[in-house]
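Here is a briefing for a first look at this structure. Take the topics in turn and follow them in the 3D view.

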Amino acid sequence: MDSYHLVPGLLAALLAAILHFSGFFQSTDGSVFDRLSVRGTAEPPAVTLIRLEEGESAGALVQASLALGAERVVFLSDPGSGLERLAAEERERTVIGFPAPRLSGSLPSELLAAAQRQEGELVRAPIARPVAEYGIHRSQNAWIESEDGAVALLETVAAGREPRAGEYYVPMPRSLSFAQLSSDQLVSAEFVEGDLEGMTVIVARPEELSGNLLATPISPNLAAVSRAQFAAYAVQALATGREATKSGNLAAVLLILFAAMLSALAAILLRKRHVSATIALSLCVFAGVAGWILLESAGVILPFAGIWTAVALAWLGTIMFLERRKDSKLESSVVGAIEQTVSHTAFSNRDNLPALLVATAEMVGIERMLLVRPADPLSPNPPATFNAEVSDFAGDVQGELARLASHLAEGRSLPVRGLLPGWPGQVRLRAIGYEDKPLYWLYTFGDSPDAELGEYIAASLAQSFVTMQKSHASLSAQQRGRRAVDPVDFRVVSAIGLISRNSRQLRKAIDQLNSSVMAFDVVGFPLHASPQMVDLLEASGINPQTALLSEIIENLTELTKGQVEALLRDILREGGEASAPMRQIAGVSATLRVSCPDPAQATHENIVVLEAFDTSDLARLSDLRGAITDFIDVQMRNDLETIALAAALAKKAAGDKKRGERMIERIVAASQAATDRLNTMNDLARNQPATRDDMPHPIQLRPIAENVGQRLAEFAGRYDVQLDFELPAVSGYSVGDPVVLARMFEALLRLVITDSPQHSTVTFSLAEDETRSAIKICGGFGMDRARLGQAIAKPPRHDIPEFLIVSESARALSSWGGEFAYDSETGKGYTFQLSLRRIA
Amino acid sequence: MTAKAILIVDDDELRCELLAELLQDEGYAVRIANDGVEGLDALEREAADLVLLDIIMPRMDGIRFLQVLPQRIESPPPVIVISGSMDSVGGKTLEEMNVAGTVRKPVDPATLIETIETALSQGAMPGD
């Protein structure tokens, strides 16, 4: 975790603290206090309210109250006369309030003098209006400043106890009610001694009990509590020690900070947002419960709103901060990916797109084209033109374009008639703009007969053009140094779309290569394999999805594990390439090449490319060369021998003219035979396309059959079938292709072997006469001839590949002048016969 | 004195004719067969003192002929193989296949006559 992840939490705490100290949360905290305090369990009342009746003696009232056990008698206002006769002890327990002009500033000296407490004298205390917070009276000041220091207010003096802070909050439990008596009741001795034991008696005039009402937590929406009642609550709270004070500034700051940090940490450490939100919410609930307990037990009011705000802001701020950082990272990755993907294309400069469209359109055979933006009038310099000008338009261009555009479906084109009368062929219109930037593409393939085919290409071009524009618009804002209009999510989607499109196209391009290619991550995991490589690997029993590079090389070549590791080590360290001949798979000779860019150049974006070059053609060419050399060697020796013999005999025939002429005829005949053979070879070599895979040439069938027999020995063994080859000791020369014939022999033998009873024999015989070589394969259980014919004529492509091989090989055989025949009967077996031309 | 009989087994008719004329000039009685099967039949019909054998032939090649010869003919004649570049078949040299001599193509008439004379002087096919 980076420490600056906590910055949003700190800022949230700072903001919450500022709001707290600015009084922004006063109302909220007060409301919380109200809700908690009005529900509180009240102590027994410690205050009794006395209504001072007209004409009642204040002194008698004091004496009566004290006689009933009252602790103190408090007059909210000076009752005037009647107190002079009180004894000194009684006077000291009698408090008389006098109004304090204001709380701010100092108490005037005359009032201060009145408030000076003197032994044996009445106690005089200033009385102040309770503090209102947004109209609700829930707190009171404990004292008032004067020139000589703080002077306790009436409630403080009446309770005989000072609160912890200058301002204290007065709990007003609903269940608490104060007895309200009239002075008559008290003085007329309706009560017995001890009824007011320990209580504070607050004496108020009738108007003080009914007038000047205050809105309090008990009745927040109604001014229903009199000043005398509020004083009673205040004295009750102070007397019982249940007054509440706000937590100190430092404590408030620390609490807010602590809560903010916890919330921020939850957001940072818990990745799931809903979990961290639950934690934050729990923190708020915990703060409420803890605050309530603290209020009840210690009378401390926590900065509830500050804590809650800090928790919420810290969570939200941290989440937003993390999201922003994630977005930034994502954005930088996106930009990097885009630049990497498109830096080499026209994408990096959208202005190039029309020019590219023109170039491509020309290449695909579009004869004329115009790319125009709808404007009135049309710009004389449209974004792109080819063999055309804006002046080619005729008629109401704007109207016609708008009409056509309204009928244009996405990705479709419409024929345009009359708008460009000078253009040849059918002119078509496509909309290739996006959103609020419409762009119309008008083009014609002219009178080309391929115009219809060209429409597909035009559709593809248009789609590509639109996609590129959209991607560019979405992605290029940041590249241009502007703040991106789209949120990063949208840009990511665009980038992914563009990159995956490019990736798809690259994969397609690789797949189009007529080569077996596979790319690996530098660690060795496969990235992509061309279909040919997939086929090759599957033919070798390797899973192209999971195989590692080293496994593939080891499997495809004769290299040992150690050699493969050494090869890869060198390639990865130094870059470059290495080749190794592949094991022959499915009759294909190939070379495996592994290449890797120089790591110093490619840094961490290294890949390894594996390529299998099919060297069958080279091998085939080599075979062909060898076969022709052998053939010429053998046949030319024969012909030269014949000529040499005839020449020797002619020499001996000196004087025998007739014999001499006969020998010359023989020499001519031998020469002619040699020439004929050379012509045959010439025909074989030249009358076939050089690229044909199955180009026939002189071959010896015995070695081909022997190789096939060796390859199938194990296969036949698995079926408990014996293979019996009847071959000449030495083959003459037949016309054919060894690879095709080997595959055909193998396919036919496999078909028969797999359908042979155990312990049966499958025979392969080769017989050569003067003009033909005959191959016969017999055995197996057999099937209905018609079914066999059907399978060969229309081979099931995937189930049994042998039929497909036989079918394709039979066609090649026929093209060499060979023949293929078959017979089969259920229970009697198969007979396959091949006949090839033989070179005499 | 009766002329020695030589059987030429070769599928090239022109060469057979010239070889026959060459050998006849040397005083041999020459017969011709155009493949291994014909050669064996000819030997069954009438014995020969020596066989001149080509290797590559249709129906039955020279190697097969050498293999079948002792099975078909009770006292097989010596065989001289006229071969091209071939000097072994199936891992066996021609000598190991009991031939009296080999003549490499193209045949030098003098060498051929000399080889024939040597083979005839040595008698029947070795190993019998």
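Helix 9 of chain A is largely enclosed by the rest of the structure, because 13 of its 14 residues are buried. Buried means that 20 or more other C-beta atoms lie within 10 Å of a residue's own; exposed means 12 or fewer, partly exposed is in between, and C-beta atoms are placed from the backbone. Helices (H or I, at least four residues) and strands (E, at least two) are DSSP runs, numbered from the N terminus.

This is a predicted model: local features need pLDDT of at least 70, side-chain atom pairs count only at pLDDT 80 or more, and totals for chains, interfaces and linings use all residues. Residues are numbered from 1 along each chain as its sequence is written, while chains are lettered from A and ligands numbered from 1 in the order in which they are written.

**Helix 9 of chain A**

- Helix 9 covers residues 227-240 of chain A.
- From first C-alpha to last, helix 9 of chain A reaches 20 Å, close to the 20 Å expected at 1.5 Å a residue. The expected span is 1.5 Å times one less than the number of residues.
- Gly241(A) follows helix 9 of chain A and has a positive phi, near 70°.

- Strand 16 (residues 368-372) of chain A pairs with strand 20 of chain A in the antiparallel sense, over five bridges. Two strands pair if DSSP finds at least two bridges between them.
- Within that pairing, Met369(A) has Tyr443(A) as its bridge partner.
- Strand 19 (residues 427-431) of chain A also pairs with strand 20 of chain A, antiparallel and over five bridges.
- Here Leu429(A) stands opposite Leu442(A).

**A five-stranded sheet in chain A**

- Five strands of chain A form an open, antiparallel sheet in the order 22-21-25-24-23.
- Strand 22 (526-529) and strand 23 (576-581) of chain A stand at the edges. Each has a single partner strand, so one side of each is left without a neighbour in the sheet.
- The twist averages 20° from one strand to the next.
- Helix 17 (residues 531-539) of chain A packs on this sheet. The helix touches strand 21 (516-521), strand 22 and strand 25 of chain A. Contact means that the C-beta atoms of two residues, placed from the backbone, lie within 7 Å.
- The direction of helix 17 makes about 90° with that of strand 21 of chain A. Axes are lines fitted to C-alpha atoms, for helices over the stretch in contact, and angles run from 0 to 180 degrees between N-to-C directions.
- Strand 24 (residues 590-596) and strand 25 (residues 607-614) of chain A pair over six bridges. One bridge joins Leu592(A) to Ala612(A).
- Strand 23 and strand 24 of chain A also pair over six bridges. Glu577(A) stands opposite Ser595(A) there.
- Strand 24 of chain A has a covered face of Ala590(A), Leu592(A), Val594(A) and Cys596(A). Its uncovered face holds Thr591(A), Arg593(A) and Ser595(A).

**Where chain A meets chain B**

- The contact takes 24 residues from chain A and 25 residues from chain B.
- On the side of chain A, helix 21 (616-652) and helix 22 (657-686) are the elements that give two or more residues.
- Helix 21 of chain A gives the largest share, 13 residues.

- Most residues other than glycine have a negative phi.
- His759(A) is not a glycine, yet has a positive phi of about 65°. The residue lies in the loop between helix 24 (738-754) and strand 29 (761-768) of chain A.
- With 9 C-beta neighbours inside 10 Å, His759(A) counts as exposed.
- Arg59(B) is not a glycine either, and its phi is positive, about 60°. Arg59(B) sits in the loop between strand 3 (50-54) and helix 3 (62-72) of chain B.
- Arg59(B) is partly exposed, because 16 other C-beta atoms lie within 10 Å.
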